[in-house]
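Visitor: I would like to learn how to read a model like this one. Could you walk me through a few features?

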Amino acid sequence: MHVIHISFECYPVAKAGGLADVVGALPKYLKSKGVESWVVMPKFNNSWIRNHQLEHVHDGITWLGEEKIEYNIFKEQGDILGFPIYFVDVPGRLDREGIYIDSESDYGYWDDFERYTSFQLASLDWMKSFSKKPDIIHCHDHHTAFVPFLMAGSPVYHEFARIPSVLTIHNGHYQGWYETGKKELLPKTDPDKEGLLFWNGRLNALSAGLRTAWRITTVSHSYLEELQYSSKGLESLLAAERQKSFGILNGIDTDVWDPSSDSLIVHNFDVKQCEKGKEENKKWLCKEFGLNKDLPLYIFIGRLAEEKGADILPDLISRYLHAGLKGSFLILGTGDPGLQHRFESMKSEHVGYFDAAITYNEELAHRMYAGSDFLIMPSRVEPCGLNQLYAMRYGTIPIVRKIGGLKDTVIDFGDPDGYGVTFNHFNIDDTFHALQRSTTLYSDPELLDLLRKRVMEKDFSWYNSAGHYQQMYKDVIKEIPQ
Ligand code: GLC
């Protein structure tokens, strides 16, 4: 079986969030199950791409309305990621440093539609030239959601009509809404399919893909259920497409995330030396940020965005410290400028108890998972969440809101076989109560040690989830009309 993944991100080539981690790992694990998987992504002008040997494999021409797109396809020569990865070069549109954000201005690009669409059209045009087509085309998020639509609804791509398409929703919050006039830039569509491009009076890339993909997947079961009643206007659409939708939990790449061999952390450890390992890594981290290593250390890693609930942290932390509870806090991430500013100013308000690294730093993230006691994820929405899984692998106890993938992966330590701290509602009282419980837990070294070992031993590797994808591919192939 041969699957082509089309995605705007892939770790370590270009990462903005968890999408990259998934696309950078799933193909490897699918391969170990005998499913040949390729990744196709944009050829950004970033350092990873500049520093790797790429081989030119194809060139072609496609049209974005009246605009002629002369594109090139490159392949990374050594398959060093463990699978073949191909890059779509569209000069003037994709050859920029940032994925979604212009690094000079910190703003999103002005031509999202043209960027995402030229990438998708070039990918499809290239695949048209294959003498042997893939068995499945698997798209990820709205940036690639016109692909299922065009495969099903455009005479230009009629040769793809019998190839099953899969669309995975990693984040239904972003849908690719555009003014209706942009439709003119897409290739000709079958008149009876044209209406599928629009939702609530606008062109909506995600909705077009969801209605035409053969299968929809979401990255956890609970998120799939939540989308039925909360999906930014797509509720009735997702309810109507429920039959072909499946939740498959993400895994983590245990080659990259392994405290016993991770070269990014200061002291390697496995479950047997967990106590010492945590201590050594915490010592480094606390020294680096001027925090007291004897107090429980709480971290937050991620986008400083409303979805992630990062906006509750300033009040939560102040309340905790003003209540006389003893603990320290460390934040890593970028995002909302107002929040960034707030965290910067909190540094001087709580010297010795709070610090923030307002940046993207993969190495520091590894060191924080290794050296902290608790990871806080107060998300409003969490399709899967990978950070709680990384934290657990490094013996850090997750404190999570019971939502989406967090609900599916963390059992409260008060419940049988539990190991994390959970709370139900997104409000300051519930979150604060969870912090209080974890501070009490920290003061019981035996229980803490037991829970650390329990989280480290949980298996959230991709191996199982890749098996679910493989089964889904097999099932959908059976639906190809004979
Ligand atoms: C998005 C979601 C996150 C998920 C990731 C990978 O970033 O917000 O919850 O884990 O995609 O699927």
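Guide: Gladly, and keep in mind that this is a predicted model. Let us begin with angles: each axis is a line fitted to C-alpha atoms, and the angle between two N-to-C directions runs from 0 to 180 degrees. Here, helix H11 (residues 362-371) runs at about 150° to E13 and lies across E13, E14, E15 and E16.

Visitor: In what order do the strands of the open sheet come?

Guide: In general, strands of a sheet pair through backbone hydrogen bonds, either parallel or antiparallel. In this case 6 strands follow the order E15-E14-E13-E16-E17-E18, with parallel pairing. Strand E15 (354-357) and strand E18 (421-423) each have a single partner strand, so one side of each lacks a neighbour in the sheet. On average, neighbouring strands are turned by 20° against each other, direction ignored.

Visitor: How many bridges join strand E13 to strand E14?

Guide: There are 5 between E13 (residues 297-301) and E14 (residues 328-332). For instance, tyrosine 298 has phenylalanine 329 in E14 as its bridge partner. Helix H9 (residues 313-322) also packs on this sheet, where H9 touches E13, E14, E15 and strand E16 (374-377), and the direction of H9 makes about 165° with that of E14.

Visitor: Now the ligand. Which residues place a polar atom by one of its oxygen atoms?

Guide: The side chain of asparagine 250 has an N or O atom 2.8 Å from a ligand oxygen. The protein covers 93% of the 300 Å² of accessible area that the ligand has on its own.

Visitor: What classes of residue make up the shell around the ligand?

Guide: The shell has 6 nonpolar, 4 polar and 2 charged residues; among the surrounding residues are His170, Lys308 and Glu382.

Methods. Residues are numbered from 1 along each chain as its sequence is written. This is a predicted model: local features need pLDDT of at least 70, side-chain atom pairs count only at pLDDT 80 or more; totals for chains, interfaces and linings use all residues. Side-chain values use heavy atoms; hydrogens and water are left out. Two strands pair if DSSP finds at least two bridges between them. Helices (H or I, at least four residues) and strands (E, at least two) are DSSP runs, numbered from the N terminus. Contact means heavy atoms within 4.5 Å. A residue is near a molecule or strand if one of its heavy atoms lies within 4 Å of it. A polar contact is a pair of N or O atoms within 3.5 Å; within protein, one must be able to donate a hydrogen and the other to accept it, and residues adjacent in sequence count only if both atoms are side-chain atoms. Accessible areas come from the Shrake-Rupley method with a 1.4 Å probe; for residues, only the protein chains shown count as cover. Ala, Val, Leu, Ile, Met, Phe, Trp, Tyr, Cys and Pro count as nonpolar, Asp, Glu, Lys and Arg as charged, and the others, Gly among them, as polar.
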